[in-house]
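This briefing walks through a structure topic by topic, for a reader who is new to reading protein models. Please keep the picture open beside the text while you read.

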Amino acid sequence: MARITAGVGSSHVPLLGVAVDQGKWQDDYFGPIFKGYEWTRAWEQEAKPDVVILVYNDHASAFDANIIPTFAIGCGEHYKSADEGWGPRPVPDVEGHADLAWHIAQSLILDDFDMTIINEMDVDHGLTVPLSMMFGQPEKWPCKVVPLAVNVVTYPVPSGNRCWALGEAIARAVASFPEDLNVQIWGTGGMSHQLQGPRAGLLNREWDNRFLDMLASDSDAVRWIPHIEYLRETGSEGIEMVMWLIMRGALGKSVKTLNRHYHIPCSNTAIGHIVLEPAD
Amino acid sequence: MSEATKPTQNIHEYLAELEDIPGTRVFTAKRARKGYWINQFAMSLMKPQNRARFKADERAYLDEWKISEEAKQALLKRDYNTLLDLGGNVYFLSKLFSSDGLPFAEAVSTMTDMTWPEYRQMMLDGGRSPEGNRSIKANLAAAGAEDHKGGC
């Protein structure tokens, strides 16, 4: 049977992709950030997931203003890196796991999550930057990916509670997939940042670290944080952190923290990541 | 409380709170409707041939879209705060940043009262504090209390 062996929460700032693609990851600005991911990159080499369910948001790349799916799952065979206005990132194509993705999609719908199914799309920095942070610059990504795109741009975005419950349902879906697969789930985006208006540049080290503490705990209190708190405390784009709750919800009640890192700033954003293992 | 009996959140209260953040335009359904064609225009710049046509004659390219004159002027001037008011969203508008060859953070800095070097330094120093930036109402109440104190 397939099983979820670990969860990762991580920022997906586009500038990190630029740093990797242009070989700047050891300079004074980016060095401390990439050093923070060193342990996790080495751990991933050992952990060798077969598949990563990668929860992210599309930044007006695959989806325009026309169709806005709240939760969408990629069920295709492969995905290309999106042209976000600079030309596509020079990274390998992302290989999907259509069998597992369709199984999860069907299971979720039967479990009352009305998913949007996507067969063809390009994937932007929200998905490819976390792959670069965890795996570096391989010729080919070392695992298959099931993209799970969440609307965190047009309000109302899904509640933290709904995201957590979706994670729980994903864990049930994975557990009923007959093939023996080592599956990780990653929740990406955040941490505190605001990219718009006179209040742009807001960061909140204290709140972000409390959020990491809550993820690492056995309590599910974090699922009840209302949207307005993310907006007030973490900036208008900090709401991306609801996607980390899908990851956390999929890991069960108790978790063990394997690694945790936080750094300010990267461009407009507070960078954080956490690696968790189910401990039930 | 079980899922079935959980009361629905009051949508009017929810939406009103979203307007209480200082210096912020939360991308609500209302703004998404208002700015639909601004955002679709910006989205079109992801295609190299459209970028080339836009750069060759910005005004002519904008005239192909169902965008108000006010929004066209704001787009020509790269007046991003006005574009947010007109329903533009930063992830869509960022296609215009990249067409201009402007780094994202530099474009973002133009929406603040700082120069780009000042903004960059603020970020290096730990970013903008949430203190005094959480709530318009709370700020007004605090200012009122302050005025009152001054008057005594």
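In which sense do S10(A) and S11(A) pair, and over how many bridges? They pair in the antiparallel sense, over 9 bridges. This is a predicted model, and the predictor gives the complex an ipTM of 0.94 together with a pTM of 0.96.

**Chain A as a whole**

- The secondary structure of chain A comes to 8 helices and 11 strands, and its C-alpha atoms fill a box of roughly 45 × 40 × 40 Å along the principal axes.
- A compact globule of 280 residues would have a radius of gyration near 19 Å, and the 17 Å of chain A agrees with that.
- Buried residues make up 57% of the 280 residues in chain A.
- Among the contacts in chain A with a separation of 6 or more, 83% are accounted for by residues 24 or more positions apart.

**The sheet of 8 strands**

- Chain A holds an open sheet of 8 strands with mixed pairing, in the order S6-S3-S8-S2-S9-S1-S11-S10.
- The edge strands are S6 (116–118) and S10 (255–266) of chain A, each of which pairs on one side only.
- On average, neighbouring strands of this sheet are turned by 20° against each other, if direction is ignored.
- Helix H2 of chain A, residues 31–47, packs on the sheet and touches S1 (3–10), S10 and S11 (269–278), while its direction makes about 150° with that of S10(A).

**Strand S11 and its partners**

- Because 8 of the 10 residues of S11(A) are buried, this strand is largely enclosed by the rest of the structure.
- S1(A) pairs with S11(A) in the antiparallel sense over 4 bridges, and the bridge partner of A:Ser10 in S11(A) is A:His273.
- A:His273 in S11(A) also has A:His261 standing opposite.
- The hairpin of S10(A) and S11(A) has 2 residues between the strands, and in this hairpin A:Ser267 takes a positive phi near 60°.

**Strand S4 and its partners**

- Strand S4 of chain A, residues 78–81, is joined by 2 bridges to strand S5, residues 94–95, and these two strands run antiparallel; here A:His78 stands opposite A:Glu95.
- Another 2 bridges join S4(A) to strand S7, residues 122–123 of chain A, with the two strands running parallel, and A:Lys80 has A:Asp122 as its bridge partner in S7(A).

**A residue in a loop: A:Ser61**

- A:Ser61 lies in the loop between strand S2 (51–56) and strand S3 (71–74) of chain A.
- Is A:Ser61 buried or exposed? A:Ser61 counts as buried, because it has 23 C-beta neighbours inside 10 Å, where 20 or more are needed.
- Leaving aside neighbours within four places in sequence, A:Ser61 is in contact with A:Ala82, A:Glu84, A:Asp122 and A:Asp124.
- A:Ser61 and A:Met121 are 60 residues apart along the chain, yet their C-alpha atoms are separated by 9.1 Å.

**Chain B as a whole**

- Chain B has 11 helices and 0 strands, and its radius of gyration of 20 Å is well over the 15 Å that the globule rule gives for 152 residues, so chain B is more spread out than a compact globule.
- The C-alpha atoms of chain B fill a box of roughly 60 × 50 × 30 Å, taken along the principal axes.
- Buried residues make up 30% of the 152 residues in chain B, and 58% of the contacts between residues at least 6 apart in sequence join residues at least 24 apart.
- The mean pLDDT of chain B is 93, with 93% of its residues reaching 70 or more.

**Where chain B touches chain A**

- In total, 44 residues of chain B are in contact with 32 residues of chain A.
- Several helices of chain B each supply at least two residues of this side, among them H1 (11–18), H3 (36–44) and H10 (116–124), while the largest share, 6 residues, comes from H8(B).
- By class, the side of chain B that touches chain A has 24 nonpolar, 14 polar and 6 charged residues.

Conventions. Residues numbered from 1 in each chain as written. Chains lettered and ligands numbered in written order. Predicted model: local features only at pLDDT ≥ 70, side-chain atom pairs only at ≥ 80, totals over all residues. Pairing = 2+ DSSP bridges. Rg over C-alpha atoms; globule rule 2.2 N^0.38 Å. Buried ≥ 20, exposed ≤ 12 C-beta atoms within 10 Å, placed from the backbone. Contact = placed C-beta atoms within 7 Å. Nonpolar A, V, L, I, M, F, W, Y, C, P; charged D, E, K, R; others polar. pLDDT = per-residue confidence, 0-100. Axes fitted to C-alpha atoms, helices over the stretch in contact; angles between N-to-C directions.
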